Amino acid sequence: MNNIFPLIALLIFPGGLFLMASGLVYEWVDRKLIARYQNRVGPRWFQPLADVVKLLAKEEIIPTGVSRGLFVALPVIGMAGALTAALYVPIAGFAPSFSFAGDLVVTLYLLSMMTLCLGLAGANTTDRFSLIGATRTLTQLFSYEAPFLLALLGPAIVAGTWNIAEINNFAGQNIWLVVTQLMGFLVALVGLLGKLEMPPFDAPEAETEIVSGALTEYSGRGLALFRLGKDVELVVGLTLVASFYLGGIANPLEFLLKTLGLLIVMAGMQSLFARLRIDQTVGLWWRIGALLALVQLLVLIVVRVLR
Amino acid sequence: MTNQSQPQKFIVPIGPQHPALKEPGHFEFGVDGEIVTSATIRLGFVHRGIEKATEDRTWVQNLYLLERICGICSNIHGTVYAIGVEKLAGVEIPPRAKYIRTIVAELERVHSHLLWLGVAAHEGGFDTLFMYSWRDRETVMDLLEGLSGNRVNYSTNLIGGVKFDINEKQADEIRRGLDFLEERTHYYMKVVTTDETFLGRTRDIGTMTREQAELLGAVGPTARASGVPRDVRSESPYLAYNEHPIQLQVHDGGDLLARFIVRLNELFDTYRLIRELLDHMPAGDLTVRVPRRIPEGEVLIRGEAPRGELVYYLKSSGSDKPDRIKVRTPSLCNWGTISHVAVGHKLADMPMLLVGIDPCFSCNDRLVTVNNTQNSQDLTWDALRRYGIEYYK
């Protein structure tokens, strides 16, 4: 009987089914919001689910010239990484299912798995669009990852712990960290856009240049898993940023309000800007993003030392 | 059309089927990382044999066929053709018909430029601007539908006049629509010239100097954005452009931003011109009689399409069918500028660079490639027919 609860946590709540369902809902909200901002009608509420069901029902074509094992395994690994990461964050306002000192670092690495899998998936095929897409995906990974990490370290340093649950509690008891660490919040939010390859950071899958980037050769099950994985990552990322910077997440209502609020801001950013070229993305992150995050970190350390 | 500076390593094919292309064309970009080192353009996927088909139809029937050369600037084809035929027949159309032709041609320019603005924004990944400009384009589409009953192929022209009149009520509707569009165009001008992310994709991208533009024979807004003051409407005014001249819009930038500015400024001038034409419409008939058989002769006639200079060559042998019709559309003149300018830019700039000339693929697919490398041979008609059947078997 001892194994029942961890299993439920993994398969139904907060991992597994719940996470996928909420991922699909959040994808719909995102798409609908952008559509409304752009004066379109937007998809119906079940459209993301319908897309996944349709993709799962379709044949998965494995192109020639790829390593078959890798081609099939990569979507699964990416998805697993995103799902595992969810176990360490306060999804839906409940305490994380698993927690240990330093789980912040593990979570961040698990979230990066998805991007790595995307890059590998692109590099695995011989398709030229995929290869360029993979290069861009990995280039983008190197540009936003460090600032994003630094931005999430800010709250960790203030809270004096690397444990997500403790940082969440700390954020809930003190003034919202977005007030004291505005720069870090901005970098984290924009970093999330970069991580999820959303506009204006969608150069890795710019349809007008390289069709669908690293995922060009994927169809059926693999594509469905990658898309689901990204939706899950959206939920996990939103939860992480909301719990660190928006005064913690203590109950389901707070979770809904804060993550959806963040999503509204993100959807606005997605529809406001033109797509950045990959060199512009790298330049932006290292010239402005990293600098902002570093300045913020420096200030935090100095304040901490002076106390 | 090839331009190579280095041996190719990695070629990115765009087309014939590609999400960036709304019509089939084929482009091969040799890239070194993200930098484009060579560019090759291949056209001809939508060759429809229209020029040949015109020889089997009467002068009147051809009006309908030629209007379908282009889906965006359909009206100007019919207009230029009709002007040419009237010149051959030696008839002068009533002044009111001239004004109506001019108004529809300018409304078409409004719709075409707004369409281009949306497509260019989409290629740059700025979908919000795309959606907004296409929403506003509906205004001018509705106006054209109100006038002619059609949204795309307006069928304005007859040989010897126009089909419909513009009454006061319609004129007021047009004025109201133009007021709305002018306000929106001011907004787009502001977005295009001040939005930092969008400027990052257009400023100093694809810069073409005036010398290059003249050398490569660029036409239309593409040439005008490089400082070449070339516009058929002011060089050799036709229709009502004599009485109501346009203000030539030229910009010295030569880059994509300059092309945006030139086209948007042209929109402002077009709004002014349409209002002026509506205020000064002469009264009178809409058509004159034109004989069914057009006298023997040949004529070369030019008009300014939204994309640039459109040239028609018509030859008549005195029958009710043309002997030869040759069309040269503006897109064809501008293709060369792309392969010339592309080298050294980023791959991400290519879609915008392609769209920067406002290309229309099926317009210019009227070419025959002459293969010089193999021994050519003369074929009789029957042999050619057999060859064709074998080839496509």
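1. Some conventions come before the details. In this predicted model local features need pLDDT of at least 70, side-chain atom pairs count only at pLDDT 80 or more, and totals for chains, interfaces and linings use all residues. Residues are numbered from 1 along each chain as its sequence is written, chains are lettered from A in the order in which they are written, and side-chain values use heavy atoms, with hydrogens and water left out.

2. Chain B is divided into domain 1 (9-46 + 331-391) and domain 2 (50-330), with bounds that come from an automatic or database domain assignment. Taken over C-alpha atoms, the centres of these two domains of chain B are 25 Å apart, and their contact (heavy atoms within 4.5 Å) takes 26 residues from domain 1 and 33 residues from domain 2.

3. Between them, the two domains of chain B bury about 2600 Å², of which 58% is on carbon and sulfur atoms; buried area is the accessible area (1.4 Å probe) that two parts lose on being put together, summed over both.

4. The rule finds one salt bridge across this interface of chain B, where a salt bridge is a side-chain nitrogen of Lys or Arg within 4 Å of a carboxyl oxygen of Asp or Glu. A salt bridge joins B:Asp358 and B:Arg307, whose closest N and O atoms are 3.3 Å apart.

5. On the side of domain 1 of chain B that touches domain 2, the residues divide into 13 nonpolar, nine polar and four charged, with Ala, Val, Leu, Ile, Met, Phe, Trp, Tyr, Cys and Pro counted as nonpolar, Asp, Glu, Lys and Arg as charged, and the others, Gly among them, as polar.
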